[in-house]
Amino acid sequence: MSDFMATQAGDPGAFRSFDLHRVPSPCFVVDEAAVERNLQILKDVSDRSGAKVLAALKAFSMFSLAPLVRQYLPGTCASGIYEARLAREEYGGEVATFCAGYKEADIDEIIALSDHVIFNSPAQKDRFLAKCRAAGVQVGLRVNPEKSVGEVAKYDPSAPCSRLGTPISQLTSDALNGVDGVHIHTLCEQGVDPLLRVWSAVEFKLQPYFKQLKWLNFGGGHHITRDDYDRNVLIHLLKDIRTKYDLEVIIEPGEAVALDAGILIGEVLDTAQNGMNIAITDVSATCHMPDVIEAPYRPALLDEADKGHTYRLGGPSCLAGDVIGDYTWAKPLEIGQRFAFLDQAHYSMVKTNTFNGVPLPAIALWNSASDALKIVKEFSYHDFKDRLS
């Protein structure tokens, strides 16, 4: 069974001591101390390897923590014009932007916001190369290594017929004309071994072009801050590439910045029976944790019991499939009872939506070291209405 299909592990960390009634429900609570520990690990990898580590905003863009991120990382990577604006306005430092396709109407602003603009195809690169050169912005080309190491096809950028990147078998000197660096992103929530396999598959094929390149970017998907990640192997690999080919090496972790640093708190609204115990909650899979349905996966529950009373948890929307999963408590659930899902700071927060008029969760920042708590954001009807017309 793949990682996506299984229960997301999740480390409760200091959240076991957090009173779930201190915040409104539903609510994302992010532990600033846990984020800082992750950032310290990422900076250590950067310092020891000499590689540049950029934070991927697509996974975690809680910009109230931008000052903290700036203390440890030199910049961010963006996935389009709005993330690039957020990166420049809130995070500062270096901004590397990749998009599968840039619009003519956006490209001038993209170039103005970015230090690196990475193109998905030689055609898009050629179309906008002159503008990048005139602005002094470095140009990148995303390359599909045609080495599939992903566990779920929809999250595998190297799956057959992928729309992401120029297949390495199609790479030529002409395709790399005017290109400063190559971007290779094919991992998703993985350790260092898949990266080693990808590098083994592409190193020889890229060798003819290294002398004309300034940098090599391995993208994201690196679970560097996970306890079982072999960071020494990663550091050795990055150092070896830098030394052997005289290239700047860049990695763009996203989840690793916020891994095990946040929870999503919910509340039981109703219970019923239909072949099993059912609980309706104010947390919605489709609105608040879309990857539960899209991946799919089963998020871990804080302090779930080994045996007792099992309930199928579902959200308040009218979507029949708005089901989070089956979970067990030692005692029967009560109306108003709070619960929390682990490891929800990354991706869940950036993917929330207001389908069916379901309210968005509040966002709170907690520091487990000082116990300081701040409600950073609460959403209202107007956040729903302003998206419509």
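Helices here are DSSP runs of at least four residues, numbered from the N terminus. The model shown is predicted.

**Figure 1. Ala-134 in helix α5.** Helix α5 covers residues 122-135, and Ala-134 is found in it. Ala-134 has a relative accessible area of 73%. That is over 50%, so Ala-134 counts as exposed. Ile-111 is 23 residues away from Ala-134 in sequence. In space, the two C-alpha atoms are 10.0 Å apart.

**Figure 2. The cis bond at Pro-26.** Most peptide bonds are trans. The bond from Ser-25 to Pro-26 is cis. Its omega is near -5 degrees. Pro-26 lies in the segment before β1, the strand of residues 27-31.

**Figure 3. Asp-282 and its surroundings.** Asp-282 sits in the loop between β13 and α9, the helix of residues 285-288. Its relative accessibility is 12%, so Asp-282 counts as buried. Pro-26 is 256 residues away from Asp-282 along the chain. Even so, 6.3 Å separates their C-alpha atoms. Beyond its neighbours up to four places away in sequence, Asp-282 touches Ser-25, Pro-26, Gly-266, Glu-267, Leu-269, His-288 and Pro-316. Two polar contacts can be picked out. The side chain of Asp-282 meets the side chain of Ser-25 at 2.7 Å. The side chain of Asp-282 also reaches the backbone nitrogen of Glu-267, at 2.7 Å.

**Figure 4. The cis bond at Pro-296.** Ala-295 and Pro-296 are joined by a cis peptide bond. Omega is about -15 degrees here. Pro-296 belongs to the loop between α10 (291-294) and β14 (309-314).

**Figure 5. Strand β14 and its partners.** Strand β13, residues 277-281, pairs with β14 in the parallel sense. Four bridges link β13 and β14. Strand β15, residues 323-329, is joined to β14 by six bridges. Strands β14 and β15 run antiparallel. One of the bridges pairs His-309 with Trp-329 of β15.

**Figure 6. Glu-146, with a positive phi.** Most residues other than glycine have a negative phi. Phi of Glu-146 is positive, near 55 degrees. Glu-146 lies in the loop between β7 (138-144) and β8 (166-167). Is Glu-146 buried or partly exposed? The relative accessible area of Glu-146 is 42%, so it counts as partly exposed.

**Figure 7. Asp-343, with a positive phi.** Asp-343 is not a glycine, yet its phi is about 55 degrees. Asp-343 is placed in the loop between β16 (338-342) and α11 (348-351). The relative accessible area of Asp-343 is 4%. That is under 20%, so Asp-343 is buried.

Figure 8. Thr-225 is found in the loop between β10 (215-217) and α7 (231-245). Its relative accessibility is 7%, so Thr-225 counts as buried.

Figure 9. Rolling a probe the size of a water molecule over the atoms shows where empty space is left. The structure holds two cavities of 30 Å³ or more. The second largest cavity has a volume of about 40 Å³. Which residues line the second largest cavity? They are Ala-55, Phe-60, Met-62, Leu-65, Val-69, Tyr-91 and Val-257. The lining of this cavity has seven nonpolar residues, no polar and no charged.

**Figure 10. The largest pocket.** The largest pocket holds about 930 Å³ of space. It is lined by 44 residues. Of these, Lys-58, Tyr-155, His-185, Cys-188 and Tyr-347 are the closest to its centre. β4 (75-78), β5 (94-98) and α11 each supply at least two residues of the lining. β5 gives the most, with three residues. The lining of the largest pocket divides into 19 nonpolar, 14 polar and 11 charged residues.

Terms used:
Residues are numbered from 1 along each chain as its sequence is written. This is a predicted model: local features need pLDDT of at least 70, side-chain atom pairs count only at pLDDT 80 or more; totals for chains, interfaces and linings use all residues. Side-chain values use heavy atoms; hydrogens and water are left out. Buried means under 20% relative accessible area, exposed over 50%, partly exposed in between (1.4 Å probe, protein chains only). On a 1 Å grid over the protein atoms alone, a cavity is a set of points where a 1.4 Å probe fits but cannot get out, and a pocket is an open set with protein on both sides within 12 Å along at least five of seven lines; lining residues have an atom within 4 Å of a point. Grid points are joined across faces, edges and corners, and a volume is the space filled by probe spheres set on the points. Ala, Val, Leu, Ile, Met, Phe, Trp, Tyr, Cys and Pro count as nonpolar, Asp, Glu, Lys and Arg as charged, and the others, Gly among them, as polar. Two strands pair if DSSP finds at least two bridges between them. Contact means heavy atoms within 4.5 Å. A polar contact is a pair of N or O atoms within 3.5 Å; within protein, one must be able to donate a hydrogen and the other to accept it, and residues adjacent in sequence count only if both atoms are side-chain atoms.
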